[in-house]
Amino acid sequence: MLFAANRQLNKRDDYIICESIEKGVVALSIVTSIMLLGTAIFATLVASVVGDASYAKRPYCKPTQSCWPSASSWAQLNSTVGGRLIKVFPLAKPCFDDPTSLACQEVQPKFIDPVYRSSIPGAAEYLNWESCGAANCELDLVVPSDAPLGNCSLGRLSVYAINVQTPLDVTAAILFARLQNIKIAIKNTGHDTFGRASAPDSLLIWTHNLKKMSYVENLKIGKISQPAFLFGSGVQAYEATAFADAHNKTVVQGNCLTVGVTGGWFAGGGKGTFGPLHGLGAENVIQFTIVTADGVARTLNSESKGDEGDLFWAVRGGGGGNWGVVTEVVMKAHPKQSYVSITYSGVTSNHTDRPVVDKVMKDFITALANVQAKVTALSAYGEHFFNPYNINGGYSFPGTDVAGAKKIVQPVLDILSKYNSSLASTNINIQSFPSFAAMTAALPDTNFYGFNSRIATRFIPKKLFASNATIEMLADALIEGYYLNVPPGSPQSEIDLIASVGVGIDSGGPINIKNRPSTAVHPAWSDTFWQITYATGWTKNLGALGIIPILTESVSRAADPLRKLTPGGGTYYNEGDVNEADWQGAFFGSNYPRLLAIKNKWDPSRVFNVWKGVGWVEKQDSSEYCYYESA
């Protein structure tokens, strides 16, 4: 069957790609942009990329092999993308070259700054996703000013990156990688708990500088008109928040202000403060432009039919980095929303007094569970942490009813007074804000990065909150998980920096939303009250002690009591366990067969391949992507 389709890219007549497909053989031709792309290299790409088999070779080509592109080939690619091909260097390289240099002195104080790290192609937010075993270029989190130990190497970082400015840059990257049999990585910020934005020996499609933002008062798609925002795929949450607020609106986003709003976050589901009020990020995306494995840019929305309609469904919740390169997203614009914020904390007097701290933790979990139904009914968001060292967290209630919000969560706040004699310090802070932007400005993102991190997570369904008996089972399983993560007498139990990493309780799901749109997000979201997160972390100096395997195995085991308590359940694709055994069920649930069929249709040769994403093959992919060595 032969068909042709013309599509306009970036609203310019000279960016038209004609796609012809005959018997599975893909050919791309440029109408008037040959002069922009570079005639020689584009002709080579068109002639060479002739179907699925061209990229189905394994293993991928590596820089140490004769198949690796020559310097002149890379130079041609650089010319094709307007001089925006970047040779990637690790963020900390200047400090390995010369710890006294001005370049190193610039890096050291910003090493844990997420805004700075997200702006560098040679950095990830978590250092283990920059590393491949001992191959890394890592400063120590605690004392980044210390002269670094060891050698500096790329590890899992890409060899080259393209600083994307137009969809044609993405097309050139995809076709070049297919021609040369090179892995592709896709990154905006690198805020990625799975390391899916990193791949050794790869070409990075770096979308971070696609910062376009615009507002449309009445965007019509089909028969529906609504206010909407158009964001380039480099826009981050803090930028989207400010832009929306300037238009007297709000837009859904993740909990960390440096997370992108238009890439892997929404594609993996998109959890955040607005989840209980407006739904997940994937459910707020009404249109996007994506460059697929054939190098063609497609704009998809609810009016897309057939295979394109399937792809529109799959990208929204079926996992980031696995379907193509999103360059632009249109999201629903919601009215400006006032919020009541209630935060609290309590620090234990003696974290080694296990009978006392276990009682504090269990009563704390029980109080949280007992108020959750009322919190959910008001579309409020909650985030809480506990461990033997402290309990802390907070709620965000939409609206202005301070007294009403406080009354609902009073049983949680009462834990602080109940155990006053066992807590060295306590704090409760209740504030009202006219907008989400005002709340985030007053309660800034306190997360820091530039360290190594691993997590394991699980959804907790509503039915486990139905009775005192089920809540007690849940509380016992949560505490058991903490001690599996930090066993008494283990190396990690002796290191406060690790042992004090709290168990996270997050209530950001869309369970309160009616008439949710059809997307590929895990069906378990519909019945989820909580997401539980166990975490561990280490610095370079701690890693040198040889405890990394102990930490990573422990954090995976930590979620076992919850897996047992929630058979057939799931968890958040963006925040899961790297070693999740039942990854198809845990990350995709009953959607996986349909997603796999769509993957096989759109990307049969796995041009886009991410760890435990749709179509992932363990024996083939684990060594290619350096996961077990890194994590």
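Where does N248 lie? N248 sits in the loop between α8 (237–246) and β10 (249–250). Helices (H or I, at least four residues) and strands (E, at least two) are DSSP runs, numbered from the N terminus.

This is a predicted model: local features need pLDDT of at least 70, side-chain atom pairs count only at pLDDT 80 or more, and totals for chains, interfaces and linings use all residues. Residues are numbered from 1 along each chain as its sequence is written, and side-chain values use heavy atoms, with hydrogens and water left out.

**Backbone**

Most residues other than glycine have a negative phi. N248 has a positive phi, near 60°. S379, also not a glycine, has a positive phi of about 60°. S379 lies in the loop between α12 (354–377) and β16 (381–387). N248 is partly exposed, at 48% relative accessibility. S379 is buried, at 11%. Here buried means under 20% relative accessible area, exposed over 50%, and partly exposed in between (1.4 Å probe, protein chains only).

**Helix α3**

Helix α3 covers residues 71–80, and its buried residues are S73, W74, L77 and T80. Seen down the axis of α3, these fall within an arc of 115°, so they line one face of the helix. The arc is that of the directions from the helix axis to the C-beta atoms. An α-helix has 3.6 residues a turn, so residues three or four places apart point the same way. Exposed A71 and S79 are on the face of α3 turned away from its buried side. G82 follows α3 and has a positive phi, near 70°.

**Aromatic rings**

The whole structure holds 29 aromatic pairs. Rings of Phe, Tyr and Trp (its six-membered ring) pair if their centres lie within 6.5 Å; planes under 30 degrees apart count as stacked, over 60 as edge-to-face and the rest as tilted. Two pairs are tabulated.

| Pair | Type | Centre to centre | Angle between planes |
|---|---|---|---|
| F229 and F231 | stacked | 5.6 Å | 15° |
| W583 and W616 | edge-to-face | 5.4 Å | 85° |

W583 lies in helix α20 (residues 583–588) and W616 in the loop between α21 (592–602) and α22 (618–624), so this pair ties together parts that are 33 residues apart in sequence. W583 and W616 are both buried. F229 is buried, at 0% relative accessible area. F231 is buried too, at 0%. Ring pairs also link a cluster made of F194, Y573, W583, F587, F588, Y592, W611 and W616.

Two charges sit over rings. K183 lies over the face of Y625, 5.6 Å from the ring centre. R196 lies over the face of F587, 5.9 Å from the ring centre. The criterion is NZ of Lys or CZ of Arg within 6 Å of the ring centre and within 35 degrees of the ring normal.

**Cavities**

The model has four cavities of 30 Å³ or more. On a 1 Å grid over the protein atoms alone, a cavity is a set of points where a 1.4 Å probe fits but cannot get out; lining residues have an atom within 4 Å of a point. Grid points are joined across faces, edges and corners, and a volume is the space filled by probe spheres set on the points. The largest cavity holds about 70 Å³. Its lining includes P121, R156, K187 and L204. By class, that lining has eight nonpolar, two polar and two charged residues. Ala, Val, Leu, Ile, Met, Phe, Trp, Tyr, Cys and Pro count as nonpolar, Asp, Glu, Lys and Arg as charged, and the others, Gly among them, as polar.

Note on methods
1 Å grid on protein atoms, 1.4 Å probe; cavity = no way out; pocket = protein on both sides within 12 Å on 5 of 7 lines; lining within 4 Å.
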